[in-house]
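Please open the model in your viewer and keep the selection tool at hand.

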Amino acid sequence: MKFFVDSADVEAIAELNDTGLVDGVTTNPSLILKSGRDILEVTKEICDMVDGPVSAEVVALETEAMIAEGRKLAEIAENICIKLPLTMDGLKACKALTSDGFKTNVTLCFSANQALLAAKAGATYISPFIGRLDDINIDGMDLIADIRTIYDNYDFQTQILAASIRSANHMKDAALIGADVATAPPNVIKAMANHVLTDKGLDAFMKDWAKTGQKIL
């Protein structure tokens with residue numbers, strides 16, 4: 001499973017990118033607001049840093065305006081992936097932009113039917129929102145499983161990009177089900193490395209090593 005960082009915080013992305021774990025980045029209007037930066041400027045900086053796709057989202061609501069904004073965002077860098085909402089206008093824009101060779105990420109997916117439409121429209125990625133479904137007492141992982149089954153049934157090439165990830169357990173469950181990608185905030189990705197027994201074992205090793213009086217360097 002590929003790891004995308006869900007953030008527009010350049011420093012946080014750079015820290016994770018240095019580990020070699022980052023396969024791409026996703027942004028949205030809320031994350032751009034949080035960054036306090038100009039969308040074109042910060043997105044260009046992220047694209048220059050990360051080798052993989054960087055999702056930048058349109059804010060128009062009508063097809064032609066979405067297409068125009070998508071083309072503008074695609075000028076930022078070759079690794080831009082145009083992010084579009086899962087509406088009929090968004091699907092039309094997806095079809096047009098994909099047909100012209102652009103990568104697309106259809107976002108705000110909350111049902112298997114929506115995911116099926118996105119695949120039919122040629123989306124590069126579909127972004128089902130796990131956490132927001134959990135918030136209304138619907139198991140978001142059930143949606144990932146349904147989409148995986150449908151896409152495998154018909155050999156759709158659209159990749160499942162599990163989004164609205166809230167925890168390390170979400171990452172594990174998405175991987176078990178077979179999501180192609182999971183996008184998560186930096187703190188969630190870093191939390192995947194944490195385990196109390198790792199900390200306990202390392203502490204014991206360090207205490208024993210100190211007793212040897214040795215040095216490696």
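The model is predicted, with local features needing pLDDT of at least 70 and side-chain atom pairs counting only at pLDDT 80 or more, while totals for chains, interfaces and linings use all residues. Residues are numbered from 1 along each chain as its sequence is written, and side-chain values use heavy atoms, leaving out hydrogens and water.

Serine 55 belongs to strand β3 (residues 54–57); strands (E, at least two residues) and helices (H or I, at least four) are DSSP runs, numbered from the N terminus. Display its contacts (heavy atoms within 4.5 Å): leaving aside residues up to four places away in sequence, serine 55 touches Val25, Thr26, Thr27, Cys81, Lys83 and Asn105.

Next, select Ile46, Leu84, Ile126, Ala162 and Met171, which have the most contacts inside the largest nonpolar core, a set of 58 residues. Such a core consists of buried Ala, Val, Leu, Ile, Met, Phe, Trp, Tyr and Cys residues joined through side-chain atoms within 4.5 Å. Helix α8 (residues 140–154) gives the most to this core, with five residues. Apart from this core lies another, of five residues, including Phe4, Cys81, Tyr125 and Val181.

Finally, select phenylalanine 205 in helix α11 (residues 196–212). Is phenylalanine 205 buried or exposed? Its relative accessible area is 58%, so phenylalanine 205 is exposed.

How values were computed:
Buried < 20%, exposed > 50% of the residue type's maximum accessible area, 1.4 Å probe, protein only.
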